Amino acid sequence: MRYLLIEDNVELADAVIKRLALDGHAVDHATTLADAQDCLAGATYDLILLDVMLPDGDGRDFLARNRARLETPVIVLTARSQVSDRVGALDQGADDYITKPFDFSELEARCRAVLRRRGGTARNEIALGPVSFDLLAGTLQRDGQTLELRSREIRLLELFARSPGQILSKSHLMDRLFSYDTTVTENAIEVYVGRLRRRIDQMGLRIETVRGEGYRIETGVND
Amino acid sequence: MTKSQSIGRRLTLLLAAVAAVLSVLSWAMVTVLAREATQRTQDNVLAASVTTIAETLRSEQAEVRLELPYAAFAMLGAISQDLVFYRVTANDRTLTGYDDLPSFETGRQGQVMFHTANYRSVPIRMAATTRLISVGDGQTQVTVTVAQTRDGVGAIAADLSQLAAFFSLAFFAVAVGLSAVVAATSLRPLNEIAAAVSRRGPSDLRPVQRNAPAELAPLLTALNRLMDRLRNSIRRSEDFITEAAHRIRTPLATVRAQAEIALRTVQGDTEKDRLRQIIRAVDESSRSAGQLLDHATVAYRTENLTQDRLDLSELAADTLAAMEPTASMRDIRLRLDGEQAPVIGDPILLESAIRNVLDNAIKYSAEDTTVTLHITCSDSETHLTICDEGPGFGDESFDTLTERFRRGPNTGGIVGSGLGLTIVAEVMAAHGGRIELTTSTHNERGGACVCFTLPSA
Amino acid sequence: MRLLYLAFGLILWTTSHASALDVEEHQYFPGSGARVLKILSTTDLALFAPYVRAFQDIRPDIAVDYTVVSSSELHRAIRDGAQFDLAISSAMDLQLKLANDGFALPYWSDAVEKLPDWARWRTLIFAITAESAVVVVNTDLFEGLDLPETRQDLLALLRDNPDRFAGAVGTYDVRVSGLGYLFATQDDRATDAFWRLNEVMGRLDPQLYCCSGQMIDDVDEGRLALAYNVLDSYAVGRLAADKGGRMQILEMQDFTNVMLRTVLIPATAQDIDAAGAMIDMLTTLGIRDQPGDWPLPSLSLSGPLEKSGFGPIRLGPALMVYLDPLNRRNFLTEWEDAMEQR
C-alpha cells in the first residue's frame, strides 16, 4: 500500500512513516501543500493522511481544491478535536478524521474502514500459507471458502500474520490490541487468542502456545 | 462591596420625607392663616362694636353724651365667651369704662385702629376709634375703645390648627402610600431590565435591547459594554484553548508515535512498562485537552445558538458512523433504533453531546457488548436514550456526575476527564431540554442510560 | 412693736369691712372639722338651708357659714375684697361684671361640664336655677276684674282702674335691688310697653321694694293688689304654704324674663375645694330631671324656660351694658321720672 502523508511536523511524520513501514507500507511525505501537489502529480496513492494546519495553508482548502479529481480516500489529521472542525473536514470531502495524538491501532482501523467503504482498487492481503488474509475485507479465503472475521479478530490475526513464525508475548499483544488499557489483564488475551484459535481452525491455521513466552502462528498446511 | 439600601425604600423614604415637610408646612400655613382669619373676625366684631358705640356719641347740654348699645356687647358675646373691657374718653378724660385700659395711638377720625396689649396680665385685642364732637364752643376728641381677651380666638385657631394637623397627617399617610407606589412604578424599568437579564441563559451575552428610560441608558450601555467585553474575553480564551490544544497535541502525537515505535523495538520489560506509562499519560492529556476544547465550543455556541431544523435520528446516525471504527476496535456494536425526530437546534452542539455520551459508553463498556441509541418522539418532546451494558453510574448523584472534572466512582483505570457529562448538560440546557441518568432495566447486568429530552419541533 | 401696730391696724381694717356688710340673714352650720365654707348669697336662708344640709350630708366635715345680703351689696362686698368662698346671686349682670373684671376664680369639674352651654360663662360662672319674673295678684282685691294676660292687658287694667290700684301696686325699687334692675332693663329691651307701664304705675303711687319676699307678703296680706316682676320661685313656695288661696300667680303671655341664679368663686376664696364641692352639688341639682323636694326650681327646660319662649337671659358681656355708670344713670333718671311723677 502506498500512503501520502502531508504533515509539517517532521518528528511526527517520521514516527508515522516508521510505523507504517513496519507494516510494510510505502509512505511518501510532503511537508507543505505545494510538495503534496507535486507528489499527487507524480504518483498514485492508496490513501492520503492530511494534516489540517500547514505552513502554506489550510489542509481543508487543499481538500476542497483536489476533491473533484481525486479518487484517493483522505483521512484528516487534526489537533483540533472541535466538532466544527471535524464536520468542516467531512463537508470538504474527507473520508474520515483522526485526532492527534492517535493510537496507531485506531489509525489502522480507520484506514481499513475507509478503504473498505470506498471499495477502490487498493488491496492489502497477506498470505498465510494456502490461506489469503484480506485485511481490508477482514476475510480469510482458502479454496473458494471464505471466513469473515470480526474487528478484533482481524487485528489479532494481523499481528500474527505480520510476524510469521515469531513468538509474540502476551504483553505485546495487549499493547497492540487494547491500546495500553490498564484494565485489561493477560487473561483477556488468553480468551481472545483461544477464540481466534477456534475460529481459524477450520481454515487450517494454528496458533501455538509457547509456554512462558507467548504465541506463534503456524502457517504450515495441516489437513 | 458595601451594603446599600434598596433604591425603592430610599425613594419611598425620600418622597415620604418630602411629604412630611409639605405636611408640616401646610399645617403651619393653615395654623397661621387660621390665627389670622380668627383674628380678623375678632377685629371685625370689635370694630363693629366700637362703631356702634361711637354712633351714639352726641353733645347735650354742653356735655358729651353716649349710651352703650346692648348690641355693642351682645355681638362680642356672640362669637366667644371672652372677657370684655371698654373705655370712652373725651380729651383724655375717661367718661366711662375701665380707666386703666392701655391707650394706643388712634388714627384719623372715624377710622378703627387695632392693637394687641396685655391687660391684667392677660393678652387682649383692642379696637378704638375717635370722633370729634362739638361741645359748646370747642370740639372734643372722643375715643371709644373696646377690648376683648383672645381666648376664643386662640381656641378657634387651636381647633383649626388641630383639624389641619389631622388633615396633614392624613395627607402624609396617603402620600407615603403613593410614594411607595411611585417608587415601585419608577423602578419598574429597572426591574424589567434586571428580569430580562436574569431570564437569560448563563452563556447568553447578547446586548440587552430594551427601550430604557433616559436615566437607565448609561447603565444599559455600561451593561452592554461589559457583556461585549465578556463575550470578547470568552472568544479570546476559546481561541487560546484552540491554539493551546494544537500546540500541545501535535508534540503529544509525536511523543506517542515515537513511544509506540520504541515499544516495538526495545527488549527490556522495564523499558516497555515505562513507554506504556508514557503512552497512557499522553492519552490522558489529549483527552483532557479535547474535552476542554469541546467545552469551549459549547460555551461559545450556546451564546449564539443556531436554530436549525434538523432530524435528530439522522444526526445520531452520522455520529454513530464516525464512532464506529473506535467501537469496533473493542468489538462493541453500536445500534440505532429510532424514527424521524425533527428538532430545532445547533447540529454541532447536539452532535457533540451525542458523541460525548457515546464516547463514554464505548469507553466504559465491556468487550463484545452493544451500545443502543434509541429515539422516540411525541408531539411535545423528543427523547434520545443511549444505553450501554457497562457498570452503570453507581450511586453518585447527577449533579456530582455532571460537575466539571468529576468522575464517577466506577471509572477505575479508564482515561477520561469527566467533562463529558458537563458538556452534555450544558448543550441540553441551551436547547431548553434536560438530561437524565438512569440505570438500564433492559438487561440483567444493568448498564448506564443517558436520556436527552428536547422539545419537539 | 411696729408689727403689733400693723396687726392691730389690719384687724381694725378687716372688722370695719366686715361690719360694713349690710347683712340680712346669717347662719352658721357647724361641721365636724375645722374647715368652713363661707357663702355670700342673695337667696333667703329658708330657701337655701336644705341645700346646705344636703351638702353636709355629703361633706359633714365642712362647716357652712351662710350670709344673705342684697345682690348689689353682694357685688359691692366682693369687689371690695370681702373674703368668701362662694357667691350666689340672682343678679346675673352683677355676677358677670365680677367675673369679667377678674373677681372670680376659674373652676372646672365633670359636674359643671354637664351644664348646657347657656348655663355657664367661661369657667367662672355657673347657673344653678332658672327662675322667671311673674305678676302676683291678690284675688280678693281683683274682685270683678278680668285677670290680665299680657302687659298690654295690665296696662289697660291699671289705667282704667286708678282708684282700685292706687297705692296697691308694688314692684322692685330698681335703685336698690340688683335683681329688680336686671328685670327692668331686660323689660326695657324686650318691650316698649315697659315705660308706659312704669308711667301708669307711677301715677298710682307704687310701693317700691327691695325684695320679692316682702312684695309677696304684702300681696298675700292684702296690702297690695298686684306685684310686678316677682320671682316665681318665691311665689310658688308661698302659694304652696298658703291655705287661704287669695294669691294668684300670673304669667304674662307676651314674654317672660327668665333669670339664672348663678354661683361663682370669689377671687378671695380660701377653700376652693369646698366651694367646688358645693358648686358640683348645686349644678348637679340644677340639671336634675325630677323636680324633687327642693325649694328652688331646676334649670329644666320644661319649667319656666319653656314658657319664656326666648330662653333665659343670656350670660354674656351684654349684661354689663346696663351696669355702665352712664347707662345706669340714664336708665335710673328715666325710671325715676316715670315712677315718681307726683
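**Ground rules.** I count residues from 1 along each chain as its sequence is written, with chains lettered from A and ligands numbered from 1 in the order in which they are written. Since I am reading a predicted model, local features need pLDDT of at least 70 and side-chain atom pairs count only at pLDDT 80 or more, while totals for chains, interfaces and linings use all residues.

**Entry 1: chain B overall.** I looked up the make-up of chain B and found 9 helices and 14 strands. Helices (H or I, at least four residues) and strands (E, at least two) are DSSP runs, numbered from the N terminus. Of the 457 residues in chain B, 35% are buried. Buried here asks for 20 or more other C-beta atoms within 10 Å of the residue's own, with exposed meaning 12 or fewer, partly exposed lying in between, and C-beta atoms placed from the backbone. I also checked contacts (C-beta atoms, placed from the backbone, within 7 Å). Among those in chain B between residues at least 6 apart in sequence, 66% join residues at least 24 apart.

**Entry 2: two helices of chain B.** Next I followed α1 (residues 7-54) and α3 (residues 151-199) of chain B, whose axes come within 7 Å and cross at roughly 160 degrees. The axes are lines fitted to C-alpha atoms, for helices over the stretch in contact, and angles run from 0 to 180 degrees between N-to-C directions. α1(B) and α3(B) are therefore roughly antiparallel to each other. My scale: under 35 degrees is roughly parallel, over 145 roughly antiparallel, 65 to 115 roughly perpendicular, and the rest oblique. By class, their contact has 24 nonpolar, 12 polar and 1 charged residues. Nonpolar covers Ala, Val, Leu, Ile, Met, Phe, Trp, Tyr, Cys and Pro; charged covers Asp, Glu, Lys and Arg; the others, Gly among them, are polar.

**Entry 3: where chain B meets its neighbours.** I found 35 residues of chain B in contact with 34 residues of chain A. On the chain B side, α4 (217-265), α5 (269-303), α6 (312-329) and α7 (347-364) each supply at least two residues. α4(B) gives the most, with 15 residues. That side divides into 13 nonpolar, 12 polar and 10 charged residues.

**Entry 4: chain C overall.** Chain C has 14 helices and 12 strands, and 45% of its 342 residues are buried.

**Entry 5: one face of a helix.** Which residues of α10 (residues 212-220) of chain C are buried? I noted Ser212(C), Met215(C), Ile216(C), Val219(C) and Asp220(C). Seen down the axis of α10(C), they fall within an arc of 135 degrees, so they line one face of the helix; the arc is that of the directions from the helix axis to the C-beta atoms. Their packing partners in chain C include β7 (125-138) and α11 (232-241). After α10(C) comes Gly222(C), with a positive phi near 85 degrees.

**Entry 6: a crossing in chain C.** Last, I checked α9 (residues 193-203) and α14 (residues 325-339) of chain C, whose axes come within 7 Å and cross at roughly 45 degrees. That makes α9(C) oblique to α14(C). Among the contacting residues are Trp195(C) of α9(C) and Trp335(C) of α14(C).

Notes
Two residues are in contact if their C-beta atoms, placed from the backbone, lie within 7 Å.
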